[in-house]
Structures are given as C-alpha cells and as structure tokens.
Amino acid sequence: LEATDGAVTNAFEVCDARTGETLSPEDAKRLEKALVQALRAPAARAVLFEVDDQLPRLDAFFGLPAGGSRPPSLPAARGALLGSPFRVFEARDLGRVLVFRGELDLEQSEEDGTSLASTASEALDCCRQRLEKVSAPGAVGRWECFLIDGASGQNLLVLLPLEDLEEVLAPPFDQIVAFFFCLGAAALIAQASAPTNFGSGPAVGALILSIFGAGELNRRAVASSYGVRFGLPLLLPSPALGTFGACSRALTPVPDAAARFDIALSALVAALLASLILILVGVLTPPEGRECAWVNPGIFPNLLQQLVYSSAESHGAFCPTPPDAAARGAVPVDPALVAGCFGALATALNALPLGRLDGASIAAAIPWASIRENFLPGTALVILGSATLSSDADGLFPLVLVFAFVNLFIRPQLSPELVLRDNVTKLEDVPRLLASLVLTCVALTLLLPIDLSSVLFSGSTLSPALQ
C-alpha cells in the first residue's frame, strides 16, 4: 500500500465497513474462509455432488485451512499416476484435495510382467505411494486415496489429507467420560430390568453386559486385522433390557465393503453365540439349589417367551414367592437363561437391515437391490409392528419405540456412518451372501410374533398366555 506522502507498507487491516473497527483475528479467519469457499464453490460443489456422501464434507475440498498441508502439484501427480492401476482421464486441483476422474485397471503390470495390484485396496495403496513420492518431504503417511463411485457413473480417485479426515471422525466428546457414563447407566438398568433376590447367584445385569462385551471384543479383533481403529464402545441403555448393545465410532477409514461386513458380522455372531450359551446353561442346569430371577415374559417375542415359560415351569416349585421388586406378572426363571434371552433379543434387533444398524452392513452382501433395499426392511418393519401389537407381548411395544428413538436420533451422533476407502467394489462372494441370509433369517425368526411349533406341527403352544 502507498500513502499520499509516499510511504509504502506491506501490511493492512481488515475492518468492518459499517463501524470502521478492525476485525478480530477470529472474525478475519471466518471471512477468509467464506471468501475462499465462495471462490472455490463451483468446482468443489461439482466434486461433492459426484462424491454423494461417500466422504465427509471436509473444508479441504474448498482449500481450507489456508495454512494446511498441500498435495503435490497437478502435473506432478498426473505424471506419478502414469502406469498406475488407475487410468486418469481428467484431473482437478481443489487446493488441498486432488480429484482424478478415470477407471481402475487391475490388469496393469510392472515392466517385469508382475501385476501392480490384484484388488482395489492394493491399487489404492499403489496410487498413494506413487503420489507420496512427488509430495513435499515428510508427507509419507499424511495422505490417503479413496476410490469413489461417481454419481455420473465414472470412478473418482480422491487424494485428501488424512489428518483432516481423522479430525472429522474423532468424537466431539470425551470418550472415557462417555464410556463410563453409558456403562454405569446400562449396568444399573440391566440389573433393575430383571431383579433377583438379594444374595442370589450371578447378577443378571453382569451377564447381559458380558454378552455385548464379547461382541465388542470380537469387533475390535476383526477391525484390527483390517487396520481399522475404533473408539471406546458406548452402551445404549434400554429401560427394559438394560442395553440395546453397543455402538463404536470408527476413528480411521475402513478398507472396503467386505471389511465393513466382516466387522459387523463378528460382533453380531459373538453376541448371538454368547446369548445361546447362556440360554443352554439356563435350560440344562437343574433348578435344585439355584436362585431365581423374576422377569416379565411380555417384553419378549413368542419364541423367547416360550423359553421363559418353560424355565418357569421347572423353577416354580423352588421359587414360589416373588420378591417385592419383581414386576407384575413376572415368573421365576434361571438367571443365565433370562440374560441369554435379553442378549438374543437385543442382538436380533441390531441384526435387522435398517438404518445404521449392523444388520444394514450385513444386508449389503445381498446382490439383489429390490430384496436388500425394499423387501427385507419392509419385512422387518412388519414383523416388529405385529410383534409389538401382540396381546401377550405388552412390554415389547415401549421397548421397540425406545429402540427406534435411540437408533434414529442418538446412535448417529455417537457413531456416524463408516467411511470406506474403496466405494466401488461390491460384495459378490457366496460365503458372505449365505452368512447374510442366515443371520437375517435368524434375527427375523427370533422376533416373530407367532408360535412356530403350532404352525409347523399340530399341538398346543408352551406359552400359557396363548392357550
């Protein structure tokens, strides 16, 4: 700037035109961000339309923050991708993000004839390593490549700063405080949901928590094998079951749909097996010398109700008088069996192909879109609705209402949708398809409001409420 007296300065202030006052550093940064976004908005908006929620809406798409790390120059990046598994047709520089339009070519090979990559995940690693070589010093490990299924039908290779993505994936709350708060709430409610006599056997609440503890440990073991980090599991309290299970927030991207499937499957199968083991222990253990837990059968769908009534028949002679804390209509059952039934019900709900439940990740293995997106979710809603309106399941209706509220409004805030590196490769293998169908059928069967024994065979049901 040059003043009228000839003085020259290279400094200036950003002022409010209405008041003439200098803007604070925070306001100046917000103004700079708005101006940069306005300048880059057309190009960034076109890319974000193509991405279509497959990646979070990062400030990096608008070149922000201005002082953040920068990708390699566009000519250098295009040169690095020559001969790579991704064939580039068009490239675009958004300031802190590079976007390449093209197609994946897994048949591309080295000079000696060896294949560069046999899978999309290996192709992404190959492209990232090539781009890191032409980046600024110290850029190794700071950038990540994503393969996007563009809305226009073409594939996109997106290079973005990993630190920006992990900042968005990180929870906006203290994980340790949230973990112990949810754990304490779930433990208190789980114990109160099926009260036991004072001084009796193992606490039902502890058994319920152990079921979902097994599921989350298995989830982390499988996630670790894929290089995915999860935050602490947060139990979702339920007024009837104690907990609807746990939700975990992924702190790093997931390789592909197969990894997402395996991670979800591992948690559901572990929880279901733990529930089955407790149910078998409760059924096979003689009632003599065992303490009883008192539970209202009306909170269970029909199949689990029959197990509860069957256990009540053998425990009635040994536990004739319910404690004062027992709910109205409660019956005496084995503590292990009632904990297993609670776990099976919560796991079945989480295995439904709805919303962001684990069941939705499992259903992704079904290749038929009409079945995956319409038939199965519709069937799940019909079964849930009919089960809650059943005359002998009076406690199930409020439970399902709370479950819907938790998963529609609370779960998305605690555990956002997983970010995949490879959004193009679909699940098409038969083993995962069979696992998906079997687990979905098991979940729907557990929630059926009818007595299967009366449908398949002649005879009366075990549930006295249905006789």
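Select helix H12 (396-414) together with H11 in this predicted model. Each of the two supplies at least two residues of the lining of the second largest pocket. The largest share of that lining, 6 residues, comes from H12. Now show Leu 354, Phe 403, Ala 404, Asn 407 and Leu 408, which lie nearest the centre of this pocket among the 13 residues that line the second largest pocket. The volume here is about 260 Å³. Coloured by class, the lining of the second largest pocket shows 9 nonpolar, 3 polar and 1 charged residues.

To find the middle of the largest pocket, select Arg 260, Ser 361, Glu 417, Leu 418 and Leu 420, which lie nearest its centre out of 44 lining residues. How does the lining of the largest pocket divide into nonpolar, polar and charged residues? There are 22 nonpolar, 7 polar and 15 charged residues in that lining.

Next, hide everything except H7 and helix H6 (residues 204-225). The two helices pack at an angle of about 150 degrees, and their axes are 8 Å apart. That angle makes H6 roughly antiparallel to H7, and H6 passes H7 in a right-handed crossing. On the H6 side of the contact, pick out Leu 207, Ile 211, Ala 214, Gly 215, Asn 218, Arg 219, Val 222 and Ala 223. The residues they meet in H7 include Asp 262, Ile 263, Ala 264, Ser 266 and Ala 267, and also Ala 270, Ala 271, Ala 274, Ser 275 and Leu 278. By class, the contact of H6 with H7 has 12 nonpolar, 4 polar and 2 charged residues.

What is the angle at which H7 and H9 pack? The angle is about 155 degrees, with the axes of H7 and H9 7 Å apart. H7 is therefore roughly antiparallel to H9. The crossing of H7 and H9 is left-handed. In H7, select Leu 268, Ala 271, Leu 272, Ser 275, Leu 278, Ile 279, Val 281, Gly 282 and Val 283. In H9, select the residues that these meet: Ala 336, Leu 337, Ala 339, Gly 340, Cys 341, Gly 343, Ala 344, Thr 347 and Asn 350. This contact of H7 with H9 divides into 12 nonpolar, 6 polar and no charged residues. Ala 271, Ser 275 and Leu 278 of H7 are found in the contact with H6 and again in the contact with H9.

Rolling a probe the size of a water molecule over the atoms shows where empty space is left. The count comes to 3 cavities of 30 Å³ or more. The largest cavity has a volume of about 120 Å³. Select Phe 212, Glu 216, Arg 219, Asn 350 and Asp 358, which lie nearest its centre among 13 lining residues. H6, E6, H7 and helix H9 (335-350) are the elements that give two or more residues to the lining of the largest cavity. Which of these elements gives the most to that lining? H6 does, with 4 residues. The lining of the largest cavity divides into 5 nonpolar, 4 polar and 4 charged residues. Arg 219 also belongs to the contact of H6 with H7, and Asn 350 to the contact of H7 with H9.

For the second largest cavity, select Pro 171, Phe 173, Gln 175, Leu 232, Leu 234, Cys 247, Ser 248, Arg 249, Leu 414 and Ser 415, which line it. About 50 Å³ of space lies inside the second largest cavity. By class, its lining has 6 nonpolar, 3 polar and 1 charged residues.

Last, go to the loop between helix H1 (25-51) and helix H2 (74-80), where Pro 65 is placed. Select Leu 64 with Pro 65: a cis peptide bond joins them, and omega is about -10 degrees. Then select Asp 52, which lies in the loop between H1 and H2. Phi of Asp 52 is near 55 degrees, a positive value in a residue other than glycine.

Methods: Residues numbered from 1 in each chain as written. Predicted model: local features only at pLDDT ≥ 70, side-chain atom pairs only at ≥ 80, totals over all residues. Heavy atoms only, no water. 1 Å grid on protein atoms, 1.4 Å probe; cavity = no way out; pocket = protein on both sides within 12 Å on 5 of 7 lines; lining within 4 Å. Nonpolar A, V, L, I, M, F, W, Y, C, P; charged D, E, K, R; others polar. Points joined across faces, edges and corners; volume = space filled by probe spheres on them. Axes fitted to C-alpha atoms, helices over the stretch in contact; angles between N-to-C directions. Parallel < 35°, antiparallel > 145°, perpendicular 65-115°, else oblique. Left-handed = near helix turned anticlockwise from the far one by under 90°. Contact = heavy atoms within 4.5 Å.
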